[in-house]
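Welcome! Please take a look at the sequence and the 3D structure shown here, and then read on for a short tour.

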Amino acid sequence: MGHYARLARREGADAPPTIIVNTCTVTAEAERQARQAIRRAHRQNPQARIIVTGCASERAPDSWRALPGVSQVVANGTKLNPASWGVEAGAAPGLPPSRHTRALLQVQQGCDHRCTFCIIPFGRGAARSLPQDEIITRARALAEAGHVELVLTGVDIASWQESGRSLGALCQTLLDSVPDIARLRLSSIDPTLLDIHIGDRALWQLLAEEPRFMPHLHLSLQAGADLILKRMKRRHLTENVRKLVQQVRRLRPDTGFGADLIAGFPTETDALFEEGYRFIEELGLPFLHVFPYSERPGTPAARMPALPRALRQERAARLRQLGYTNRDAFLARFVGRETEVLMETPTRGHTPEFAAFELDALSPERPGIPAGLQPEKLHRFRVTRVADGKLHGVPLSLRPGDPHP
């Protein structure tokens, strides 16, 4: 949002404030909350200039433009262009100059697939890849600005390609071209990208051999029952995912797996839910992102026999609880071991596997932060315990009772 703020910047102390609402259309609830935020912003700041952008407003710009206080709707395709916001091109740098721990680097936009539940292609359009040279330029600027970790993002990053080069080749080129990238991580990916028969061989090589490529894969799984996956028009089945996870764990046993899951998809019987539940339990995926199914008008799934909302919520809660169990079992393997943490605050950060980490006090008498432990830096720790869904530990050079460095 800082980038949008710079794009919408107005000169002069007397200029009215500008409020930017970046909308999401993944669920009906996301759209409802965005409309609610706009109405609340107008009530609290009636003089403010409200600008709306994002996927929801892309689908129905007139309805968003009609909301109270909205002065402009900026299209997704032009929202990074300063001219779209009424400012001079030189007034809005393409990358944030401020120093942050982790930076998101978009490499792709749009999607060519038509999953039966998804409205995103109508908001983001067809899949299109950013040129590799442009990505490298942005990555270099982010690294020079002090970002320790880059996360490649997009609607469907698995579809990135240029002149026959795949996402894995892009990742390797980024690491070779920008040696200051200490960590490179992928955001959510389609499991077909890593199918052991037809997947991206360059990514397999990175997973096996490259320590700067993070052992963390967040799979766009969506369901754990084959019949539901087929009704969703997903491109994978459970056996594809099972083999993928097994192969990755052979290469890097401690890889942290995440997964997006939809609970209560239309036609999901009790038996199909239990089948999916057992599949997630079998794989032991630790970082689950669970959504109760939400109808999106205009999608094929919205015309399928729907489940009661209470049942969707109940199934989502069960999957989340399973995720917590899997997560704690996964984290327990790190107790007593060393790990490298990117500290985002003086006391908290994330491991390469994207496990949350929190600094433990060296002793009850000395609860403070040890000297030399800086945020926005990589530090090594010894993991002492698991609590509240996080790893806890002390700096590797220190043990309880040791003096501060």
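## A guided first look

Gln-108 is buried, with a relative accessible area of 0%; buried means under 20% relative accessible area, exposed over 50%, and partly exposed in between, with a 1.4 Å probe and protein chains only. The model is a predicted one, where local features need pLDDT of at least 70 and side-chain atom pairs count only at pLDDT 80 or more, while totals for chains, interfaces and linings use all residues. Residues are numbered from 1 along each chain as its sequence is written, and side-chain values use heavy atoms, with hydrogens and water left out.

**The chain as a whole**

- The protein chain has twelve helices and 16 strands; helices (H or I, at least four residues) and strands (E, at least two) are DSSP runs, numbered from the N terminus.
- Of the 405 residues in the protein chain, 49% are buried.
- The accessible surface of the chain is about 18500 Å², and carbon and sulfur atoms hold 52% of that; such areas come from the Shrake-Rupley method with a 1.4 Å probe, and for residues only the protein chains shown count as cover.
- Among contacts between residues at least 6 apart in sequence, 72% join residues at least 24 apart, a contact being heavy atoms within 4.5 Å.

**Around Gln-108**

- Gln-108 belongs to strand β5 (residues 108-109).
- The side chain of Gln-108 reaches the backbone nitrogen of Val-155 at 3.0 Å.
- A polar atom of the Gln-108 side chain also lies 2.8 Å from the backbone nitrogen of Asp-156.
- Leaving aside residues up to four places away in sequence, Gln-108 touches several others, including Arg-128, Leu-130, Thr-153, Ser-159 and Trp-160.

- How many residues of strand β7 (residues 149-153) are buried? Five of its five residues are, so to speak, under cover.
- In a regular strand, side chains alternate between the two faces of the sheet.
- Glu-149, Val-151 and Thr-153 point one way from β7, Leu-150 and Leu-152 point the other way, and all are buried.
- Strand β4 (residues 102-106) pairs with β7 in the parallel sense over five bridges; two strands pair if DSSP finds at least two bridges between them.
- Leu-150 in β7 is the bridge partner of Ala-103.
- β7 also runs parallel to β8, joined by four bridges, and Val-151 stands opposite Arg-185 in β8.

**A sheet of three strands**

- Three strands form an open sheet in the order β1-β2-β3, with parallel pairing.
- β1 (18-23) and β3 (70-73) stand at the edges with a single partner strand each, so one side of each has no neighbour in the sheet.
- On average, neighbouring strands of this sheet are turned by 25 degrees against each other, direction ignored; axes are lines fitted to C-alpha atoms, for helices over the stretch in contact, and angles run from 0 to 180 degrees between N-to-C directions.
- Strand β2 (residues 49-54) is joined to β3 by three bridges, and Val-52 stands opposite Val-73 in β3.

**Helix α8**

- Which residues of helix α8 (residues 201-209) are buried? They are Leu-203, Trp-204, Leu-206 and Leu-207.
- These residues are on the same side of α8 because they cover an arc of only 160 degrees around the axis, taken from the directions from the helix axis to the C-beta atoms.
- Arg-201 and Glu-209 are exposed on the other side of α8.
- The cover over the buried residues of α8 includes α7 (167-177), β8 (183-186), β9 (216-222) and α10 (238-251).
- Asp-200 caps the N-terminal end of α8, with a side-chain oxygen 3.1 Å from the backbone nitrogen of Ala-202.

Methods:
Polar contact = N/O pair within 3.5 Å; in protein donor to acceptor, adjacent residues only side chain to side chain.
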